[in-house]
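Here is a friendly walk through the model shown below. The text goes from a backbone detail to the overall fold, and then to sheets and helices.

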There are 2 protein chains.
Amino acid sequence: MIQGFRFGGVCAGIKKNTADLALITSDLPAAAAGVVTRNLFRASCVERSAALLPGAGIRAIVANSGNANAIAGAEEVTRDARMAAAAALALGVDPRAVLTASTGAIGVPLPIVAIEAAMPQLVSSLNTDPAVVARAIRTTDRRDKIAHRDFRGAQGTARILGIAKGAGMIHPCMATMLAFVLTDAQVAPDELDRAIREAVDESFHMISVDRDTSTNDAVYALANGMSAVRIDGASAETFRGALAEVLAELAKAIAGDGEGATRRICVRVSGAKDARSARLVARAPVESNLFKAAVFGRFPGWERFLAAVGARCAQLDLPLLRDRVSLTIDGVTVFRDGAPSGATAVLSDQAESVYELDLGLGTATATAWGCDLSYEYVTINAETKLARHAGGAPDAAPVRGQR
Amino acid sequence: MIQGFRFGGVCAGIKKNTADLALITSDLPAAAAGVVTRNLFRASCVERSAALLPGAGIRAIVANSGNANAIAGAEEVTRDARMAAAAALALGVDPRAVLTASTGAIGVPLPIVAIEAAMPQLVSSLNTDPAVVARAIRTTDRRDKIAHRDFRGAQGTARILGIAKGAGMIHPCMATMLAFVLTDAQVAPDELDRAIREAVDESFHMISVDRDTSTNDAVYALANGMSAVRIDGASAETFRGALAEVLAELAKAIAGDGEGATRRICVRVSGAKDARSARLVARAPVESNLFKAAVFGRFPGWERFLAAVGARCAQLDLPLLRDRVSLTIDGVTVFRDGAPSGATAVLSDQAESVYELDLGLGTATATAWGCDLSYEYVTINAETKLARHAGGAPDAAPVRGQR
């Protein structure tokens, strides 16, 4: 069990009959670091929290999953500050010790009075089970997303716990969802900052659900030192490795739970000339609607996969020699040395299909994750949208394609 | 009527019971220029034709719409050359006077024998009606796409005629479909090259259906001089303007006929700092699945529109000041000076919705076109795919989302 963190979640009424307000507290002031969305319409909560990081003395993260409080006008900054202040007051800490996170409807005023009213109940709900936070930060997620790793340091065993939410508006650069990573190890803010940035590059920056980058996405890491395990020169690498594993597990969970997804797609690139091109090539297929729709139809779509790779390399001027390219799908090599092999791949009934692309140019590798493109993705983003704003549009019935 | 061009189309059996082989001939050797896809897996036909351009002496374009002859292995180059040779033989011209174009299934051997067998019938079908070509090059297109403009030169009136196909795999950089642009004006190859490149930048490079760039897309322009209208210093600008109008009309037709589209989206950006950022910003919303799904649900999706713009500007380091941004949807200003105006836009029943984004930074403008994202897009790219390869996969039933 991770030491010195507590978790709470309640329904504040931002959404109907669903937990929508979450709180994480640290018994001791924690070192903190984070990576946030670069979207120029990013929300006040992201700007406010990022300005506090990397830093020390953080005591809490308060998050709501009903309203993004983004692109919401002049009141946006004030309401975000009130959300932090309400949590700080209820916990008896400084508002600058509280990070805020919001996700949900954009462009709609944050119902701050409801949030303020729910705060005492939220604090009362604090307990040792992180699942209540995982549940309360979900939006279109179908599953809770929690991962953890234990690791040994000189002073004993410490733990890293990650909690994430994310299903749509998932795309690299950056950070594609909310993730809170907690550790009871003792980590300096700068080391925590370095570790979280490296881990994000290999995890959340390597998944895509729909190529859309949110206004609100953020990854925050807190380290409260309660385990007395110190992260220093000797143990830093072990810590970074464990942190990267936690984030990768969360990232894969997000890709597999992509809006409407019926299958996770894993793209492993090898033989790339350098790490940058390996990463950019690996992401190209999971960003292709055409390829993703083929996979939804249980078709391997190897030709669309390669077309997406070819387009990406042309667009970004990445090295590619057609004659050296090989592609293996779930163990069957369908394309070798620049030509179809004649073998037919069949997508299995597994939850994940693995595409292995060898570029034959060097030794760099990268792995990206995504999901297929289904009717359900359209439903979630066309019809749910209408349900949420019912009455807003006079002609609210979706115009369906002729099927 | 355009002078000196003839048009043919037949069913060669590449597709079932559908015209799939098209021919355009010029009675006189024509100046020719083109813009082709940069995809590194681009097809042999694209490489072969591009190598002949800009140039003179072109007599024909032969195109098939059943098989892309791309990523198809060692036979790909030979079969493309045989397609050109078969047309050249039937027409009694040099093979190097024939441009080839292919679109359709990727990674499947081109049925060249069927194409060769159909060639005499194709030549016999030549007549003055361009609609037969427009029909024979369609793939998932629901409508023929033809546009024309007359313009005055010193020697009289000349005509520009454009024929295009394109519905999916439509995305800038480049060229996103097949388009053949013919004129009976007399234009030097270099001038034609300049004119077509400029026009493509404002038209085909400004549409997106699904962010996927094809292996086969190409725009070819032929000028046979039959009208005796010479394009020179005095008339070049008029010619370029007319050519740009023809291409813009075709590009809009492609966007409105996007796979599964129920509505065209027009994004007009003004107040940009420079032309490049205006173009890149204008394309961002029509490349956002989230925004496009909202429009399919008849929801204006202004917040997703702005989120897409904010993400793009961050990603490409384009200038954006939130407080200067205004957005007007079908005449209703929903966002002004960085904040929601409180006004509610309602998408009309029109075939096109117009989004006007003012960045408030300068005087540059750009217009982009796209379409909504519907169930039908998924159907076309998941289920049609299966139908085409019926029997190829043992478990061919698409896994539908729970609806």
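## Backbone details and fold

A:Asp317 sits in the loop that links α9 (302-316) to β10 (326-329) of chain A. This is a predicted model, and in it A:Asp317 takes a positive phi of about 60 degrees although it is not a glycine. Most residues other than glycine have a negative phi. Is A:Asp317 buried or exposed? It has 9 C-beta neighbours inside 10 Å, so A:Asp317 counts as exposed.

B:Asp337 is not a glycine, yet its phi is positive at about 50 degrees. B:Asp337 belongs to the loop between β11 (332-336) and β12 of chain B, and with 13 other C-beta atoms within 10 Å it is partly exposed.

Two peptide bonds also deserve a look. The bond from A:Leu53 to A:Pro54 is cis, and A:Pro54 lies in the loop between α1 and β3 (55-64) of chain A. In chain B, the bond from B:Leu53 to B:Pro54 is cis, with B:Pro54 placed in the loop between α1 (44-51) and β3 (55-64) of chain B. The table puts the angles side by side.

| Site | Angle | Value |
|---|---|---|
| A:Asp317 | phi | about 60 degrees |
| B:Asp337 | phi | about 50 degrees |
| A:Leu53 to A:Pro54 | omega | near -10 degrees |
| B:Leu53 to B:Pro54 | omega | near -10 degrees |

The C-alpha trace of chain A spans about 65 × 65 × 35 Å along its principal axes, and buried residues make up 62% of the chain.

How is chain A divided? Domain 1 covers 5-256 and domain 2 covers 264-372. Their C-alpha centres lie 32 Å apart. The contact between them draws ten residues from domain 1 of chain A and 13 residues from domain 2 of chain A. On the domain 1 side, the touching residues are six nonpolar, two polar and two charged.

Within chain A, strand β6 (residues 156-165) is mostly covered, with eight of its ten residues buried. A hairpin of two residues joins β5(A) to β6(A); these antiparallel strands share nine bridges, and A:Asp150 stands opposite A:Arg159. β6(A) also pairs with β7 (residues 178-183) of chain A, antiparallel over six bridges, where A:Ile160 faces A:Thr183.

Helix α1 (residues 44-51) of chain A has A:Ser44, A:Cys45, A:Val46 and A:Ser49 as its buried residues. Their cover includes β2 (21-36), α2 (75-91), β4 (98-102) and β8 (218-223) of chain A.

Key: Residues are numbered from 1 along each chain as its sequence is written. Chains are lettered from A and ligands numbered from 1 in the order in which they are written. This is a predicted model: local features need pLDDT of at least 70, side-chain atom pairs count only at pLDDT 80 or more; totals for chains, interfaces and linings use all residues. Domain bounds come from an automatic or database domain assignment. Two residues are in contact if their C-beta atoms, placed from the backbone, lie within 7 Å. Ala, Val, Leu, Ile, Met, Phe, Trp, Tyr, Cys and Pro count as nonpolar, Asp, Glu, Lys and Arg as charged, and the others, Gly among them, as polar. A residue is buried if 20 or more other C-beta atoms lie within 10 Å of its own, exposed if 12 or fewer, and partly exposed in between; C-beta atoms are placed from the backbone. Helices (H or I, at least four residues) and strands (E, at least two) are DSSP runs, numbered from the N terminus. Two strands pair if DSSP finds at least two bridges between them.
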